[in-house]
Amino acid sequence: MSEFSGSSEPSEYSEKDVHREVSELQTKSATAARLFDIRRIIGGLFVLYGVIVTIAGFTASDADIDKAEGVNINLWTGLGMLLLGVFFLAWLKLRPVAPPPPDVVADEKPPE
């Protein structure tokens, strides 16, 4: 018979097993929230594009620099993008996302 058929047979899972499973799911959820934090995505993209644009700035020809009225715009833009990306990644490292508090029902006792 199934577990929910109303029989008086003991269930396969103890309260401790259920609590352990819930704790594991909460840990996985918190890990997924940190993995897909928008600061990580923005910071990573800015660092990646900043490296590419900075390399383009180092390899700029004199004609390219003359077009920008003597300013190596790719170099400065790339360095700015690198700084912004590093800022986002440092912000993520210094202020990580706090996991959401577990939902506790007032009448329910926490497992021992």
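**Aromatic rings and helix packing in a predicted model**

Ring pairs join Phe-87, Phe-88 and Trp-91 into a cluster. The model discussed here is predicted.

Reader: How many helices and strands are in the chain, and in which order do the elements run from the N terminus?
Author: The chain contains 4 helices and 0 strands. Read from the N terminus on, its elements therefore follow the order α-α-α-α.

Reader: How are the planes of the rings of Phe-88 and Trp-91 arranged: stacked, edge-to-face or tilted?
Author: The structure holds 3 aromatic pairs. In the pair of Phe-88 and Trp-91, the ring centres are 5.9 Å apart and the planes stand at 50 degrees. Planes under 30 degrees apart would count as stacked and those over 60 as edge-to-face, so this pair is tilted.

Reader: What separates Phe-88 and Trp-91 along helix H4?
Author: Helix H4 covers residues 73-94, and both Phe-88 and Trp-91 belong to it. Because they are 3 residues apart in this helix, the separation between them is about one helical turn.

Reader: Which of the two residues, Phe-88 or Trp-91, is buried and which is partly exposed?
Author: Buried means under 20% relative accessible area, and Phe-88, at 16% relative accessibility, counts as buried. Trp-91 has a relative accessible area of 39%, which lies between that limit and the 50% above which a residue is exposed. Phe-88 is therefore buried, whereas Trp-91 is partly exposed.

Reader: Which residue has its charged end over the ring of Trp-91, and how far from the centre is it?
Author: Trp-91, a member of the ring cluster with Phe-87 and Phe-88, also has a charged end sitting over its ring. That charged end belongs to Arg-39, and its distance from the ring centre is 4.9 Å.

Reader: Are helices H2 and H4 roughly parallel or roughly antiparallel to each other?
Author: The axes of H2, residues 38-58, and H4 come within 7 Å and cross at roughly 155 degrees. Because angles over 145 degrees count as roughly antiparallel, H2 and H4 are roughly antiparallel to each other.

Reader: What is the handedness of the crossing of H2 and H4, and how do the residues of the contact divide?
Author: The crossing of H2 and H4 is left-handed. The residues of this contact divide into 18 nonpolar, 9 polar and 2 charged.

Reader: Where is Tyr-49, and what distance separates its C-alpha atom from that of Thr-77?
Author: Tyr-49 has its place in helix H2, and at 43% relative accessibility it counts as partly exposed. Although Tyr-49 and Thr-77 are 28 residues apart along the chain, their C-alpha atoms are separated by 10.0 Å.

Conventions. Residues are numbered from 1 along each chain as its sequence is written. This is a predicted model: local features need pLDDT of at least 70, side-chain atom pairs count only at pLDDT 80 or more; totals for chains, interfaces and linings use all residues. Side-chain values use heavy atoms; hydrogens and water are left out. Rings of Phe, Tyr and Trp (its six-membered ring) pair if their centres lie within 6.5 Å; planes under 30 degrees apart count as stacked, over 60 as edge-to-face and the rest as tilted. Helices (H or I, at least four residues) and strands (E, at least two) are DSSP runs, numbered from the N terminus. Buried means under 20% relative accessible area, exposed over 50%, partly exposed in between (1.4 Å probe, protein chains only). A charge sits over a ring if NZ of Lys or CZ of Arg is within 6 Å of the ring centre and within 35 degrees of the ring normal. Axes are lines fitted to C-alpha atoms, for helices over the stretch in contact, and angles run from 0 to 180 degrees between N-to-C directions. Angles under 35 degrees count as roughly parallel, over 145 as roughly antiparallel, 65 to 115 as roughly perpendicular and the rest as oblique. A crossing is left-handed if the near helix is turned anticlockwise from the far one by less than a right angle, and right-handed if clockwise. Ala, Val, Leu, Ile, Met, Phe, Trp, Tyr, Cys and Pro count as nonpolar, Asp, Glu, Lys and Arg as charged, and the others, Gly among them, as polar.
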